[in-house]
Amino acid sequence: MAASNYSLKVNRDLLDPNFESYRLSLDAIPTYNVELDAAVEEVKLKDTQYTLEHMRAFGMYNYLHLDPWYEDSVLFVDCKGRVLSLSVTLDTALGKPREVFRLTDESRECEDRLCASLSLTSATWAALADGAGRLYLLRTGKRGDSSHMKWEPMFSEDMEEPFTILHSVSHVQDGVHTMEVLLLRILKDPQESKGSGYCVSLEWITVANTAGHGQEKKYEVKKKRVLRGKSVPHYAAVEPKGKGLMVASEKPFVFTHMDGVPVEQHEPEPMEVEKTDPIYFWQQTAEDITVCVRMPEGVTKEEVQFRLTADNISIGVQGFSPLLEGQLFESVDPEASAWIIKNDKSLEVSLQKRSEGPMWAELVMGDKRGEYVMSDEQAALIHERLTHLTSEDLNGNPDRDKPPCNSHELEDCDGFPEDSFSLTHFDGESLKPTQVVNLGSHQYLFTVDVNPSDMPCLCLRHDVDALLWQPRPDQPSNMWEHIATFNALGYVQASKRDKKFATCAPNFSYASLCECLRRAFIYRQPSPVETVLFNRKQGRQVGQVAKQQVASLDSDKPILGFRATNERLFILTSSNLFVLKVNNN
């Protein structure tokens, strides 16, 4: 696995340290029901599809697809193989879903068939998989309520093993219309003797128009790239221009084949790191931090350039570039911080933590030129806590009555996400990772399309909050931008044991979770209150309140699909499509 070389940069202006909680609102949510002519067929997992990865990839599949190019338009595939589209303009006059394409009956006869999957490639193109191994690229024309055009297949090819589509994009390369499609498979791995016996395969396919100017369009596969890994990716998407790929997964992926030819796996050569003395040393307690920065001998206080805000620090000498500069790991109190020159050759800085208790993992985000010095008391405390791990006794646990855990009895789903959980950007030409973020402490929550011309956003848990990240592949120095925060959603969703899907509105006005059956929870962003409201415990007036609402569906069927727009929440069961009017914009 490639070493982590990038850190996610949190925009502290989007955090609310004063957020208290969600207030339950009893306001009714208008709910409208569309009865389906034919059931949405939930493809049940077979006895051979027993692994956790099969369940993640196919058992928890979202059968409802939101069209990001056309507001409040959703699509799904029913048991007759019909691709049905519903566009909502007036909630009280919902029409019937309209058929735009129909799969062949042959696909439903495949023994190892998976669920049909759909990806809206552009405003006029779509990619469709029949679940039996055939890939369709369809020219849809302009979709939406006013369009009654049937979709036209421009490419149809059997790709052998069944798959689902994770993502697709359309672009023009050198004057040629090109589409990039990302496929997911779970395959038997004969070399896997210790684990489940399966591996996860991602196939990145490039399809291009090969017809000459003035000729009828003809699309062919131009390139195939295969990645292999051991876990189903939480997030996988191709860059808008097809120049790279991003994957977030608990276990690493590597490219194994290019157009059927194995890719040579070079062992990473150990880098020769020039040993240099640290520029600074730092210590910390629960309340404060002490930093000692090496300075040119004989420096005076007039020559020292020191700037400190709540979140950033800059230390340098007049006439030279800063010795230490960047975003602090957490906020400090600038008014309670100070610096002095010691021994004419070092600067000692005392920083007062704004939040007492949490220990910092680093001083300045991404700066590796310093050395953390642990106090004798801290070292003794850690040694005491870890003593049982180095005991000669097999059961170093002081609770002698309980036997030690037998790791051989654990299943895949019992494991905690490893430190290898990472977000990786792969270059499309070299097929090598360029940027890797360690996500070991950040639980993945959901993926959402905010802007259809950009890559999908991914939502990660940071402490108790949920932070939304927008990939920016054209900005290598800031490849993942923090664009929105859902206060305490990371904490809230952890309490929902029956949670199946999660999503948010593209304008970030609310986030929503649904259970396997019946219930959906809506968490709104804080909004001004219309009446005077006081917090009796703190004796102050409350200016904003974040509301929580609960919707209960009139159905006992499992929820199969769940999508959100700025105004509406769409929930799909096998026999009904429910439309919840969340916002009145």
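Modeller: The second largest pocket holds about 1600 Å³ of space. The model is predicted, with local features requiring pLDDT of at least 70 and side-chain atom pairs pLDDT 80 or more, while totals for chains, interfaces and linings use all residues. Residues are numbered from 1 along each chain as its sequence is written, and side-chain values use heavy atoms, without hydrogens and water.

Colleague: Why is a space called a pocket or a cavity, and what makes a residue part of its lining?

Modeller: On a 1 Å grid over the protein atoms alone, a pocket is an open set of points with protein on both sides within 12 Å along at least five of seven lines; a cavity is a set where a 1.4 Å probe fits but cannot get out; a lining residue has an atom within 4 Å of a point. Points are joined across faces, edges and corners, and the volume is the space filled by probe spheres set on them. The second largest pocket has 48 lining residues, with V10, R12, F329, E330 and H462 closest to its centre.

Colleague: Which residues lie nearest the centre of the largest cavity?

Modeller: They are E41, V77, D78, R113 and A116, among 14 lining residues. The volume of the largest cavity is about 140 Å³.

Colleague: How much space lies in the second largest cavity?

Modeller: The second largest cavity holds about 60 Å³. Its lining also has 14 residues, of which S85, R98, R143, G144 and W151 are closest to the centre. In total, the structure holds four cavities of 30 Å³ or more.
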